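Q: Can we go through the salt bridges in this one? Confidence after that.

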Amino acid sequence: MSTSVNALAWKVADGEAVLAEAPGPSGTPPQVLVQVRYTGVCGSDVPKLSRTWNGPIPAPWFPGHEIVGREAGSDQWVAVDPLIGCATCRDCRHGRIHLCPALRRIGWDLPGGLAEAVRVPPASVVEIPNLQDPAHGTLADPMAVALHGVRCGLPAPCGRIGIVGAGPLGICTAVAAAAAGWEVHLAVRSAARHRELHAALAGRHLSVHNGALPLCEAVVDAASGHNDSPLRQAIEAVRDGGTVLVQNAYLPGVTFSAPLRDLFRRSITVRGSFSYCRAGGRDDFRDALALLEHGGPWADLLTRDRYPLPELPQALAALQGPGPSRPIKVLLTPNS
């Protein structure tokens with residue numbers, strides 16, 4: 001793979017995704033060149049790449065924020081923390097980088113890692129611990145989102161937690177919540193997926209349900225946001241006085257259709273949880289990598305389906321395919 005500016009990267013412009021020349025140095029020193037080995041295709045990027053998104057997209061857009069590779073000239077495996085705050089605003093000073101009004105994100109505001117190589121600020125480069133498979137490092141971003149929700153968005157472990165959505169975020173949330181001491185119940189829509197996840201998550205003190213959740217003290221909405229049915233399911237499954245945590249990145253324009261009086265009458269707390277932070281002396285992204293060090297069949301399952309970099313269209317088609325054979329997640333890998 002070339003480490004010069006003629007490395008290849010996926011670029012979206014005028015609604016078309018093309019494999020083009022990666023951007024060169026931005027002129028904002030210093031920058032580190034990361035030779036990409038694996039990039040996860042985030043569920044939030046799928047509608048943007050598949051032309052079903054009706055919100056804004058950078059022009060041009062170089063996607064990919066779940067990046068694992070090696071720093072140029074080094075054998076050290078690294079992951080890329082995609083969040084870059086201003087470092088001076090009130091939220092940044094308190095570690096709430098995700099709320100920075102000037103937040104920039106690698107793979108959105110800055111060129112991302114669906115590429116052979118990507119240039120990032122030195123502070124974004126995080127050494128990967130001794131993972132069972134370096135590809136597991138691509139799960140640091142969804143695991144950081146999960147950790148942030150469990151640690152910052154929910155009360156202290158107080159019993160049973162339900163999770164709506166059995167994609168990467170839902171699975172990572174189940175693992176993070178179980179590690180934090182919750183009794184975890186994960187809802188799965190298909191019998192085949194139920195069997196697959198039951199096997200992958202065995203021994204983690206959590207239950208996988210093919211259907212409705214039991215009544216829970218807290219419920220996390222970690223599903224895909226094409227309509228409000230996941231949130232309505234979460235509200236139905238939470239006890240009166242409980243908490244519903246919304247991690248679901250709903251598509252623009254999706255509205256809530258259930259009677260709002262029910263939230264009032266049942267004293268339910270509904271709280272949003274966006275991205276992740278570095279507050280309270282903790283760092284969600286680095287803590288996620290530490291949690292991933294334990295790995296396991298669930299991490300193997302989420303990183304199993306891998307496509308060469310030029311096969312992004314095939315990877316997207318597989319993610320949107322019918323039936324239980326559809327991958328839960330896909331990774332792209334450079335040709336060499």
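A: First the term: a salt bridge is a side-chain nitrogen of Lys or Arg within 4 Å of a carboxyl oxygen of Asp or Glu. Residues are numbered from 1 along each chain as its sequence is written, and side-chain values use heavy atoms, without hydrogens and water.

Q: Which residue forms a salt bridge with Asp 81?
A: Arg 278, with the closest N and O atoms 3.0 Å apart. Asp 81 sits in the loop between β5 (77-80) and β6 (83-84), and Arg 278 in the loop between β15 (269-272) and α8 (284-292), so the pair ties together parts 197 residues apart in sequence. Helices (H or I, at least four residues) and strands (E, at least two) are DSSP runs, numbered from the N terminus.

Q: Is Asp 81 buried or exposed?
A: Buried, at 1% relative accessibility. Buried means under 20% relative accessible area, exposed over 50%, partly exposed in between (1.4 Å probe, protein chains only). Arg 278 is partly exposed at 32%.

Q: What network of salt bridges is Asp 81 in?
A: One that links Asp 81, Arg 278, Asp 283 and Arg 286. Asp 283 and Arg 286 meet at 3.0 Å, N to O.

Q: How many salt bridges in the whole structure?
A: The search finds 16.

Q: Now confidence. What's the mean pLDDT?
A: 92 for the chain, with 98% of residues at 70 or more. Over residues 1-5 pLDDT stays under 50. Where pLDDT is low, the predicted coordinates should not be read in detail.

Definitions and conventions
This is a predicted model: local features need pLDDT of at least 70, side-chain atom pairs count only at pLDDT 80 or more; totals for chains, interfaces and linings use all residues. pLDDT is the predictor's confidence in each residue, from 0 to 100. Contact means heavy atoms within 4.5 Å.
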